[in-house]
Amino acid sequence: SMERYRGYRIEQTENGFRITLDDGSGKHTHIKSKSFCKRLIDFVVDNKVPPRVSNYILESCIRLSSNENYIQKISKLIETRKLKDKQYYFNPHKKRF
């Protein structure tokens, strides 16, 4: 079954859902829960950064967006997170306050 929402198609797959930008570009991502699909589309369409989500979800936002500024903003956030992870990994005894 396929549903359209705010310029995207939401389709059920074997292990979740696929969101595709409905413009023929082929931009898509895979999400486990249907209710989250719509929330994710809302974030992307409104150019908002979803709070407290995994890097996979942030990367999904990039894959679904065609707004350069939004893509850059989220890419920077992912880079910053990855740097922080590395720093923490290299300083296992550093106390976190």
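Which residues in α2 are buried? In α2 they are Asn55, Ile57, Leu58, Ser60, Cys61, Ile62 and Leu64, where buried means under 20% relative accessible area, exposed means over 50%, and partly exposed lies in between, for a 1.4 Å probe and protein chains only. The helix is thus described as mostly covered, with seven of its ten residues buried.

The model is predicted, and local features need pLDDT of at least 70, side-chain atom pairs count only at pLDDT 80 or more, and totals for chains, interfaces and linings use all residues. Residues are numbered from 1 along each chain as its sequence is written, and side-chain values use heavy atoms, with hydrogens and water left out.

The chain holds three helices and four strands, in the order β-β-β-β-α-α-α along the sequence. Helices (H or I, at least four residues) and strands (E, at least two) are DSSP runs, numbered from the N terminus. Of the 97 residues in the chain, 32% are buried. Among contacts with a separation of 6 or more, 34% join residues 24 or more positions apart; contact means heavy atoms within 4.5 Å.

Helix α2 (residues 55-64) packs against helix α1 (residues 34-45) at an angle of about 60°, and the axes are 10 Å apart. Axes are lines fitted to C-alpha atoms, for helices over the stretch in contact, and angles run from 0 to 180 degrees between N-to-C directions. The two helices, α1 and α2, are therefore oblique to each other: angles under 35 degrees count as roughly parallel, over 145 as roughly antiparallel, 65 to 115 as roughly perpendicular, and the rest as oblique. On the α1 side the contact is made by Phe36, Leu40 and Val44, and on the α2 side by Ile57, Ser60, Cys61 and Leu64. Six of these contact residues are nonpolar, one is polar and none is charged. Here Ala, Val, Leu, Ile, Met, Phe, Trp, Tyr, Cys and Pro count as nonpolar, Asp, Glu, Lys and Arg as charged, and the others, Gly among them, as polar.

In soluble globular proteins, nonpolar side chains tend to be buried together.

Helix α3 includes Ile78, which counts as buried because its relative accessibility is 4%. Not counting residues up to four places away in sequence, Ile78 touches Asn55, Leu58, Glu59 and Ile62. Ile78 and Glu59 are 19 residues apart in sequence and 8.0 Å apart in space, C-alpha to C-alpha.

Two loop residues other than glycine have positive phi. Arg6, in the loop between β1 (2-5) and β2, has phi near 50° and is partly exposed at 39% relative accessibility. Asn47, in the loop between α1 and α2, has phi near 55° and is partly exposed, with a relative accessible area of 31%.
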